[in-house]
Amino acid sequence: MPNSSRQKNGLSNVPPCQAGCPIHQDVREYLRLIAVGDFNRSLEAIRRNNPLASVCGTICPHYCEDECRRQIIDEPLSIRGLKRAAAEYGEAPFHAPAADPRKKVAVIGSGPAGLLAAFDLAMQGINVTVFERETLVGGTPRNYIPLYRLPDEAVDRDIEALQKIGIEFKTGIELGTDFNLEDLKKDGFKAVVLAVGLTAGLSLPIPGAEHKDVLKSLQFLKASKREGFRLDGREVIVIGGGNVAMDVARSAVRCGAAKVRLVCLEAEGKMPAFSWEIEEAREEGVEFNCSWGPVGIRIRDGKIAGLEVRECISVFDGRNMFNPRFNEQKRGFIPGDTVIFSIGQALDPETVRRAGVPVDSRSRLEFNPVTMETSVQGVFACGEMVTGAGTAVKAMASGRKVALAVAAYLEGKSYSCSAGGTPNFLPLPSLEADVATNVKKIPRQKIPVLSPGERRADFSPVEKGYTMAMAVHESLRCLGCAGGARQIVEKCANCLTCLRTCPYNVPVIDEAGKLLIREHQCQACGLCLTVCPNLAIEFRGLNFSEAEEKLEREIRAMPASANRRAPSILLLTCGLGDFALPGFNEGFIKNKPENVAVVKFPCISKIDTIHILEAFKLGVDGVIMAGCARENNLCPFQKTMSWAGQRAKRVRYLLDEAGIEEGRFAFIRLSPEEIARFGGAIGEVLAKMKELGKR
């Protein structure tokens, strides 16, 4: 991994977003690529270790955002929304090696854990077949997560990409019913991965629970998603306070329920559901009845009349074990004619029993969490069936571990999840207060959503997703943690130029009186890079090194002076914000004159005097440096245009000293509107350089 050192079994100095992600996506990398408008490479970066970019970009609970260092400044990056943008605007097929026919692995279940395991194995050249009992591939996300949260098109995109690398999917076929482990062995499968998830909904043994109008969560979610199930005019009681309960309640609204009342043990503010799920359910009219426990479902004349409840005093005991206590003196009644239990899911033990895999007295799979293997040799397990209920991305992390275990097993090697699995990721230290106070506050780009009134009508996706422009500007808010300046100590002359230049107080004087650039606090603006007189600072951001490499390459690719009529012109621009959008990329670059070469830098502040002088040395006839009219509210950097203007004056002086005409270098500042119609905006400058001709 770039820019990180290894410590024992961990990777240190990793951006906190990456450390917080269960599958450790390189968030900083795919955000920097969106910032320059390269959605293809951004998606490619995501798909290096995540085959479910569309699914995760739509439903991931974004643990990465919880760790984002920007939240102490204003708000964390909308990382999940940006992942979705990369998946929707980018194209990046997987490139897997040819499968070895001798290494056949069966994956049972096509949910997030099974698909991640299948992907990792296929990327190692292993022949993988995924068996799914449902008719559609995708497991829980496909069959139970409502369409308003996860449309089928998102799942389809990920599945189609996996099919293209040779993973075979067999649907409508169930382990233990249509085939068993012995059948797989006869068909040449050398290992089996069980990833069947938790498909048995739970209920409570209370009076009235067997009534025909009492449903379980998964039963209802599947019927409402796939079978057109309706609740028109009914008053629905949802029992539970987790994320699935929110899905049930909000789906009931969309199924035409006249009223939806949610009842849960937890007090207000203590519900296990994500806060945004609760907020959106409230917006859609769901009524919350917190701190109440079900006593019985009251039946009148054969119909449900409502739910009798008692006050819940506490949910967990002193050991933090689930052990609710109730106030028997305080009772209540919740009216309704339909009850849906949403209090959790469990493993369906019959499926694995029929397949020949032992379960214990509590119907739990016999499983070794260290080796990821069941009590049957060559049969492994992953996902919620062994970890318990959780989120898709956490199930995916389990799938990654089982893929490592299976790959080792096929090679005749032992595997230990604790010793040989994925390393621990150690995050960077937090942002220091003296730096954070100088970082520009930029409002988070809110993902456009349907209004509550629009949402209640049907199962249309609530989130509309980012436009390309919104995604580019949101990604600019990324602080680029550990991707900025690095001090070359042996070259540093302690001149303090960087200390006087940095707008963020990153360089300091240490206890020994020496200059210290606090690399982990750097905001990657690049101002110090271009003012250091001793070249004692290097820049770790890949955008900058790519620009430098492209500079000479583009110039040398130009036709020789004798072979062209028009003067050769090098255009150096910012590569961020409006310069990363189709108005500039599609409108100008694709249709630019043949005599013009374009090189984008990650902010105009990183264009050095040396770059411009080198261009003239290599033979170009003119150079245009183009930036924004001003540091607008969406640009993350401070004082960049001021420093760029000073550098331009210095360049003009040096060119004059070298006898190069003034009109052969131009520094221009453009508004967003002018950048969008760039060719017309710089037409006058190009015309003047054409008049000057070749040098």
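1. Contact here means heavy atoms within 4.5 Å. The model is predicted. By that contact rule, T609, I612, L613 and F616 of α25 meet R647, R650, V651, L654 and L655 of α26. Sorted by class, this contact has six nonpolar, one polar and two charged residues. Residues three or four places apart in an α-helix point the same way, because there are 3.6 residues a turn.

2. Now the geometry of that helix pair. Helix α25 covers residues 609–617 and helix α26 covers residues 640–657. Their axes come within 10 Å and cross at roughly 35 degrees. The crossing of α25 past α26 is right-handed.

3. C603 lies between β26 (596–601) and α25. Its phi is near 95 degrees, a positive value in a residue other than glycine. Is C603 buried or exposed? Its relative accessibility is 3%, so C603 counts as buried; the cut-off for buried is under 20%.

4. L535 sits in the loop between α22 (527–531) and β24 (537–539). With 48% relative accessibility, L535 counts as partly exposed.

5. On to the nonpolar cores. The largest has 79 residues, and L570 and F665 touch the most other members. Leaving aside residues up to four places away in sequence, L570 touches L551, I555, M558, A597, V599, A615, V620, G622, V623 and I624. There is also a second, separate core of 53 residues; V105, V128, A161 and C417 are among them. In soluble globular proteins, nonpolar side chains tend to be buried together.

6. Which residues of α11 are buried? They are S217, L218, F220, L221, A223, S224 and K225. That makes seven of the 10 residues in this helix (residues 217–226), so α11 is largely enclosed by the rest of the structure. After α11 comes G228, with a positive phi near 70 degrees.

7. Strand β10 (residues 259–263) pairs with β11 over three bridges, in the parallel sense. V263 has N289 of β11 as its bridge partner.

8. A three-stranded open sheet is built with antiparallel pairing, in the order β12-β13-β14. Why is one side of β12 (292–300) and of β14 (322–335) left without a neighbour in the sheet? Both stand at the edges, and each has a single partner strand, so one side of each has no neighbour there. The twist in this sheet averages 25 degrees from one strand to the next.

9. Last, the pairing of β12 with β13. Eight bridges join β12 to β13 (residues 303–316), and these strands run antiparallel. R298 has G306 in β13 as its bridge partner. Strands of a sheet pair through backbone hydrogen bonds, either parallel or antiparallel.

Key:
Residues are numbered from 1 along each chain as its sequence is written. This is a predicted model: local features need pLDDT of at least 70, side-chain atom pairs count only at pLDDT 80 or more; totals for chains, interfaces and linings use all residues. Side-chain values use heavy atoms; hydrogens and water are left out. Buried means under 20% relative accessible area, exposed over 50%, partly exposed in between (1.4 Å probe, protein chains only). Helices (H or I, at least four residues) and strands (E, at least two) are DSSP runs, numbered from the N terminus. Two strands pair if DSSP finds at least two bridges between them. Axes are lines fitted to C-alpha atoms, for helices over the stretch in contact, and angles run from 0 to 180 degrees between N-to-C directions. A crossing is left-handed if the near helix is turned anticlockwise from the far one by less than a right angle, and right-handed if clockwise. Ala, Val, Leu, Ile, Met, Phe, Trp, Tyr, Cys and Pro count as nonpolar, Asp, Glu, Lys and Arg as charged, and the others, Gly among them, as polar. A nonpolar core is a set of buried Ala, Val, Leu, Ile, Met, Phe, Trp, Tyr and Cys residues joined through side-chain atoms within 4.5 Å.
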